[in-house]
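I am opening a notebook page for this structure and will write down what I look up, entry by entry.

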Amino acid sequence: MDIVLGLQWGDEGKGKFIDLISENYDITARFNGGSNAGHSIERNGRKITLKMIPSGIFMKEVQNIIGTGTVLDPVSFKKEILNLQAFDHTVQPEKNIIISKKAHLVMPTHKLLDIFMEENPEYTTIGTTKNGIAQAYSNKILRQNLRVGDIGSPDFQSRAQHILERDYKMLEDGGMIVLPALEEITKEFFEAVEFLKKFTCTETEIYLNKALSEGKKVLAEGSQAAMLDIDHGTYPYVTSSSTTASGASSGLGVSPKKIGEIYGIAKAYCTRVGNGAFPTELLDEFGDDLRMKGNEFGSNTGRPRRIGWLDLPALKYAVMINGVTQLVLTKADVLSGLKSVAVCTHYELEGEMIPVAGTLPENARPVLKWMEGWNADFSNMKNAAELPREVIGFLSFLEAELEIPVGYLSTGPGREQILKLTNK
Ligand code: GDP
Ligand code: IMO
Ligand code: MG
């Protein structure tokens with residue numbers, strides 16, 4: 001099993017890369033997160049953003065698994081499937097998607113609780129996507145949640161109704177001002193659950209292990225990214241799941257012994273949506289220009305993404321905790337036209353240099369290395385030999401610092417806009 005994961009704060013271009021390489025696999029499998037993800041795929045000049053549906057969905061021969069480590073919101077999933085079918089009527093989601101019985105359900109009240117906590121000064125504001133992700137995962141850990149496999153049981157209706165009523169009362173008592181009617185969210189939820197019944201739900205860990213033992217190729221799809229990992233990210237400004245390679249193993253029920261290639265995706269600069277540390281952030285007009293040039297607006301929420309220079313200490317940390325075997329670099333094209341580009345190589349704290357930092361220390365100052373910029377039209381580049389000397393220099397610098405090869409350079413949002421750089 002190979003894995004694709006994000007190495008920064010999300011939105012590195014995972015969707016595009018997975019859509020491309022999934023043609024080499026029999027199965028793609030999402031292992032974490034839920035509808036907080038936004039994985040954009042451009043096909044024939046049209047773009048779609050997938051939230052819960054694995055990014056191999058456009059390959060007719062590829063089976064797409066929604067794994068055990070995920071949290072599935074039936075209401076959002078139904079909308080996403082209908083949107084997908086409107087985008088491409090040839091896809092067959094009911095045939096090509098298999099859902100883990102052990103994936104947890106996101107209830108409508110989880111989403112409302114997420115909004116409530118984000119807007120209530122009694123709680124830390126994370127800047128979440130308001131998809132109820134933390135609330136679903138926390139109820140999983142509390143062992144109070146419903147799972148996809150519960151949908152078929154005779155008492156599902158009464159258990160779900162109980163949870164909805166209980167949590168709704170909590171919101172009312174908490175003084176949530178804008179609250180949709182309980183009847184309305186209940187109706188929508190049960191209709192979406194009926195829709196979900198059209199899909200095959202099974203023990204996906206058994207399905208995946210059987211497939212692997214038959215020699216089939218599996219690609220695990222990460223959502224979010226290393227610096228948003230619940231354990232290793234910039235806590236508390238993180239998501240609530242394991243976004244790393246070990247999360248792929250536990251989230252899918254596949255032994256770490258079965259893991260092969262680990263593709264780590266990173267932008268040539270950094271972005272972040274939501275709150276939390278971002279030492280290389282560019283808060284000036286230059287950052288605003290880069291945001292426009294790179295179209296850095298959240299695929300899921302539409303929020304403007306925060307922009308900063310590439311953070312090498314954070315990237316080294318992400319490569320280390322994931323055991324990344326090759327880097328996929330995206331968006332170097334966005335930096336084209338700049339005289340020089342910067343990379344943060346260290347943090348400085350009270351005169352001391354900190355070479356690798358998982359936890360970004362408060363008050364640490366990023367130390368920037370300036371490198372020659374490049375100027376090229378990447379849009380139709382077909383061959384690595386066409387790359388400007390400065391880009392080659394940038395890639396070599398990253399390879400030397402990270403001690404892994406750059407396997408691919410993405411040159412634009414389009415499916416075909418990618419250069420393979422090694423023989424891997
Ligand atoms: P994901 O969450 O990691 O799948 O990334 P998103 O889809 O949220 O955000 C990445 C954005 O960058 C999308 O709009 C992609 O279409 C776009 N994109 C991906 N790779 C490249 C690239 O190399 N260059 C440019 N300019 N855009 C890219
Ligand atoms: P993809 O898969 C970027 C961020 C949110 C917030 C924090 C917690 O498209 O890369 P949550 O809703 O998960 O409780 O929010 O995590 N976040 C993402 N940022 N890309 C994502 O997914 C994200 N998913 C969550 O902005 O800061
Ligand atoms: Mg995204």
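This is a predicted model: local features need pLDDT of at least 70, side-chain atom pairs count only at pLDDT 80 or more; totals for chains, interfaces and linings use all residues.

**Entry 1**

For bookkeeping, residues are numbered from 1 along each chain as its sequence is written, chains are lettered from A and ligands numbered from 1 in the order in which they are written, and side-chain values use heavy atoms, with hydrogens and water left out.

I take helices (H or I, at least four residues) and strands (E, at least two) as DSSP runs, numbered from the N terminus. Aspartate 11 is partly exposed at 22% relative accessibility, whereas glycine 38 is buried at 11%; buried means under 20% relative accessible area, exposed over 50%, and partly exposed in between (1.4 Å probe, protein chains only).

**Entry 2: H4 against H5**

I next looked at helix H4 (residues 108–119) and helix H5 (residues 133–141), which pack at an angle of about 115° with their axes 7 Å apart. The axes are lines fitted to C-alpha atoms, for helices over the stretch in contact, and the angles run from 0 to 180 degrees between N-to-C directions. From H4 the contact uses His110, Leu113, Asp114 and Met117, and from H5 it uses Ile133, Gln135, Ala136 and Asn139, where contact means heavy atoms within 4.5 Å. These residues divide into four nonpolar, three polar and one charged; Ala, Val, Leu, Ile, Met, Phe, Trp, Tyr, Cys and Pro count as nonpolar, Asp, Glu, Lys and Arg as charged, and the others, Gly among them, as polar.

I then listed the buried residues of H5, which are Ile133, Gln135, Ala136, Tyr137 and Asn139, and found that they pack against strand E6 (71–72), strand E8 (104–105), H4 and helix H6 (156–174). Lysine 130 is partly exposed, with a relative accessible area of 34%.

**Entry 3: H6 against H7**

The axes of H6 and helix H7 (residues 182–196) come within 11 Å and cross at roughly 145°. On the H6 side I recorded Phe156, Gln157, Ala160, Gln161, Leu164, Glu165 and Tyr168, which meet Leu182, Ile185, Thr186, Phe189, Phe190 and Val193 in H7. The residues of this contact divide into nine nonpolar, three polar and one charged. Glutamate 165 is partly exposed, with a relative accessible area of 41%, and its C-alpha atom is separated by 9.8 Å from that of glutamate 183, 18 residues apart along the chain.

**Entry 4: the nonpolar cores**

Which residues touch the most other members of the largest nonpolar core? Of its 57 residues, they are Leu327, Leu329, Leu335, Phe394 and Leu398; a nonpolar core is a set of buried Ala, Val, Leu, Ile, Met, Phe, Trp, Tyr and Cys residues joined through side-chain atoms within 4.5 Å. Helix H12 (residues 389–402) gives the most to this core, with six residues. Apart from this core lies another, of 41 residues, among them Ala160, Ile185, Phe189 and Val193.

**Entry 5: two loops**

A cis peptide bond joins tyrosine 235 and proline 236, with omega about 5°, and proline 236 is found in the loop between strand E10 (218–221) and helix H9 (245–252). Glutamate 350, in the loop between strand E15 (340–349) and strand E16 (352–354), has a positive phi of about 50° although it is not a glycine, and this residue is exposed, with a relative accessible area of 77%.
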